[in-house]
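I'll take you through it piece by piece.

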Amino acid sequence: MATITKKKILTQPQFGGTPYGNLTTLPFNVTSTSTGAIADSDSTAAVTAADKIRVGVLPAGMKLIDALMIVSNAFTATATAKVGFEYVDGVDDTAVPQDADYFAAALAVNALGRTRANNTAVAPVTLPKDAYLVIDWDVASNAEAGVLDIFVEGILNGPP
């Protein structure tokens, strides 16, 4: 029986230079008004099918591991959404392409619940530059006061 050892295992960085580690959870909130508009945004119109919502910024160097999405107040019936990322500078990266449904391809925002990232076709990636956490609204125009909290889990390695 052979023993196989990966190279450089004794010199791999473990904690990014901080004694308490670098695993983190970044919280983001999306709340809509009773008219269906996204509160605290640059639009007063109700969010509708094919609209994109920029929720926050994921920092360069963050290794994306998982996400927890909690709907604590449901949006309009039949509404679903994709949850992913796109680069702040608008320029795609060939090594780590933007992905509109990196975390979820059809998140049911029309019902209360907790959903872990469920796009099983993707591996963890490290962002080469700052990226927006984005929601692509699908199916229906919103007419409800909904609440969605997204907690993105990852390892903060610092800028590449």
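I'll go from the overall fold to the core, then the rings, then the charges.

First, the ground rules. This is a predicted model, so to speak with care: local features need pLDDT of at least 70, side-chain atom pairs count only at pLDDT 80 or more, and totals for chains, interfaces and linings use all residues. Residues are numbered from 1 along each chain as its sequence is written, and side-chain values use heavy atoms, with hydrogens and water left out.

So what is the protein chain built from? It has zero helices and nine strands, where helices (H or I, at least four residues) and strands (E, at least two) are DSSP runs, numbered from the N terminus. Of the 160 residues, 38% are buried, meaning under 20% relative accessible area with a 1.4 Å probe, protein chains only; exposed is over 50%, and partly exposed is in between. Now contacts, which are heavy atoms within 4.5 Å. Take those between residues at least 6 apart in sequence, and 81% of them join residues at least 24 apart.

On to the core. A nonpolar core here is a set of buried Ala, Val, Leu, Ile, Met, Phe, Trp, Tyr and Cys residues joined through side-chain atoms within 4.5 Å. The largest one has 33 residues, and Leu 58, Ile 135 and Leu 148 touch the most other members. Strands E1, E2, E3, E4, E5, E8 and E9 each supply at least two residues, and E3 gives the most, with five. Look at Ile 135: leaving aside neighbours within four places in sequence, its contacts include Val 30, Val 55, Val 83 and Leu 148.

Next, the rings. Rings of Phe, Tyr and Trp (its six-membered ring) pair if their centres lie within 6.5 Å; planes under 30 degrees apart are stacked, over 60 edge-to-face, and the rest tilted. The whole structure has four aromatic pairs. One of them is Phe 75 with Trp 137, edge-to-face, 5.3 Å centre to centre and 70° between the planes. Phe 75 lies in the loop between E3 and E4 and Trp 137 in E8, so this pair ties together parts 62 residues apart in sequence. Both residues, Phe 75 and Trp 137, are buried. Tyr 102 and Phe 103 have ring centres 4.9 Å apart and planes at 90°, so they are edge-to-face too, and both are buried. Ring pairs link Tyr 102 and Phe 103 with Phe 85 and Tyr 87 into a cluster.

Finally, charges. A salt bridge is a side-chain nitrogen of Lys or Arg within 4 Å of a carboxyl oxygen of Asp or Glu, and the count comes to six. Arg 54 and Glu 86 meet in one, at 3.4 Å, N to O. Arg 54 is in E2 and Glu 86 in E4, 32 residues apart. Is Glu 86 buried or exposed? At 15% relative accessibility, Glu 86 counts as buried. Lys 52 joins Arg 54 and Glu 86 in a network of salt bridges.

Then there's Arg 116, with two partners. Asp 66 meets Arg 116 at 3.2 Å, N to O, linking E3 to E6 across 50 residues. Glu 153 meets Arg 116 at 2.9 Å, N to O, with Glu 153 in E9, 37 residues apart from Arg 116. Arg 116 itself is partly exposed, at 39% relative accessibility.
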